[in-house]
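Have the structure open beside you as you read.

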Amino acid sequence: MTGKFTMKKFVQDLEIIENRDLNAFHYLLTLQSPIKLPEILPGQFAEVLADNSQATFLRRPLSIHDVNYRKNTITFFVKCIGPATIRLRDMRKGDFINVMYPLGNTFSLETEDPVLLIGGGCGVAPLLYLAKYLNNKSKIVSILIGARTESDFAELKEYEQNGSLFLITEDGSKGEKGLVTEHPIFKNIKQFKQIYCCGPEPMMKAVAAIAKKNNIECEVSLENTMACGIGACLCCVTDTIEGHKCVCTEGPVFNIKQLKWQI
Ligand SMILES: Cc1cc2nc3c(=O)[nH]c(=O)nc-3n(C[C@H](O)[C@H](O)[C@H](O)COP(=O)(O)OP(=O)(O)OC[C@H]3O[C@@H](n4cnc5c(N)ncnc54)[C@H](O)[C@@H]3O)c2cc1C
Ligand code: FES
């Protein structure tokens, strides 16, 4: 089962200690807390305030991409798509960003292995921290990342250090050619006891269908549009077998058996 978390939330001004472009669309934003970080687990996210302009007065949800307890830092992997993510990219070392965290539940962390982590596009964001966590617990970890083209990939060494890495691109410029679910690893998918997946919904549904058919436990991290992030506005609900649930408080991670997906 996905991990439920009702731990204390923090709203803090965190200092940017690094804001680094990875490629044309993606950047890594690392923020430092002035005090000891609370426990943050893989799958959780933060609500980040880009600034107080009219276009971005609502916080934006970003997955926890990495945590360094020694340095008290949290890193986000961000894709520029609109005003908030562009504004955050333009902020510099020494600037402060107001962040509410840690929010949401976690991936199942007590799991049988081998496990397969599947990320598509920006959906890789929560998977690095998950891979590190599971690797540290001596689980056998495989990671499959799909992208449109080679230049969309980033931090491949980091993933390689925490599992067996498999790549696929739509144009065949790196790794296998095709969509994520066309990777040869799916020919031997029954070897895996657990799949964790994050990416565009059609990709997650295609992975979920394969997991269901092969009777493999599968968790997906949903990226429904959010506003409050704390269960107050109901804008992020998803339909489950137990009724409508807020993705921000009951998710973002769901076992596919909970979701009413037509797969
Ligand atoms: C739990 C969760 C975790 C997330 N983690 C990350 C992350 O780690 N890194 C990252 O880059 N992004 C992540 N996202 C998506 C991120 O929140 C949005 O990209 C961001 O809010 C866009 O803000 P913006 O002002 O730049 O663009 P906006 O102007 O808000 O959006 C630009 C366009 O993208 C669409 N859009 C906005 N949010 C979403 C969404 N959630 N899903 C699909 N389309 C959307 C809008 O409808 C609009 O068309 C996450 C979302 C959720 C719910
Ligand atoms: S974002 Fe407001 S209830 Fe989930």
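## A buried threonine in a loop

T111 counts as buried, at 9% relative accessibility (buried means under 20% relative accessible area, exposed over 50%, and partly exposed in between, with a 1.4 Å probe and protein chains only). Before going on, a word on the model: it is predicted, so local features need pLDDT of at least 70, side-chain atom pairs count only at pLDDT 80 or more, and totals for chains, interfaces and linings use all residues. Residues are numbered from 1 along each chain as its sequence is written, chains are lettered from A and ligands numbered from 1 in the order in which they are written, and side-chain values use heavy atoms, with hydrogens and water left out.

Back to T111, which sits in the loop between β7 and β8. Helices (H or I, at least four residues) and strands (E, at least two) are DSSP runs, numbered from the N terminus. Setting aside neighbours within four places in sequence, T111 is in contact with L134, K139, Q194 and Y196 (contact means heavy atoms within 4.5 Å). L134 is 23 residues away along the chain, and its C-alpha atom is 9.0 Å from that of T111. With Q194, T111 makes a polar contact from side chain to side chain, at 3.4 Å. A polar contact here is a pair of N or O atoms within 3.5 Å; within protein, one must be able to donate a hydrogen and the other to accept it, and residues adjacent in sequence count only if both atoms are side-chain atoms.

## Another threonine, this time in a strand

T169 belongs to strand β10, residues 164–169. Is T169 buried or exposed? Its relative accessibility is 0%, so T169 counts as buried. The T169 side chain reaches two backbone nitrogens: that of G172 at 3.1 Å, and that of S173 at 3.0 Å. Beyond neighbours within four places in sequence, the contacts of T169 include A147, R148, F153 and K177.

Helix α1 covers residues 83–90, and its buried residues are A84, T85 and L88. Looking down the axis of α1, you'd see these buried residues fall within an arc of 95 degrees, so they line one face of the helix (the arc is that of the directions from the helix axis to the C-beta atoms). Among the elements covering them are the strands β1, β2, β3, β4, β6 and β7.

Helix α4, residues 201–213, has 13 residues and runs 18 Å from its first C-alpha to its last, close to the 18 Å expected at 1.5 Å a residue. That expected span is 1.5 Å times one less than the number of residues. Which residues of α4 are buried? They are M203, M204, V207, A208 and A211. Down the axis of α4, the buried residues fall within an arc of 135 degrees, so they line one face too. They pack against β8, β12 and β13. On the other side of α4, P202, K212 and K213 are exposed.

Most residues other than glycine have a negative phi, and most peptide bonds are trans. Here are some places that go the other way.

| Where | Feature | Value |
|---|---|---|
| N72 | positive phi | near 60 degrees |
| S138 | positive phi | about 65 degrees |
| N215 | positive phi | about 60 degrees |
| D113 to P114 | cis peptide bond, omega | about 0 degrees |
| G251 to P252 | cis peptide bond, omega | near 15 degrees |

N72 lies in the loop between β5 and β6 and is buried, at 16% relative accessible area. S138 lies in the loop between α2 and β9, and is exposed at 62%. As for the prolines, P114 is in the loop between β7 and β8, while P252 is in the loop between α5 and β16.

## Around ligand 1

Which residues come nearest to ligand 1? Of the 20 residues around it, those are P61, F77, K79, T85 and E223 (a residue is near a molecule if one of its heavy atoms lies within 4 Å of it). Taken alone, ligand 1 exposes 880 Å², and the protein buries 72% of that (accessible areas come from the Shrake-Rupley method with a 1.4 Å probe; for residues, only the protein chains shown count as cover).
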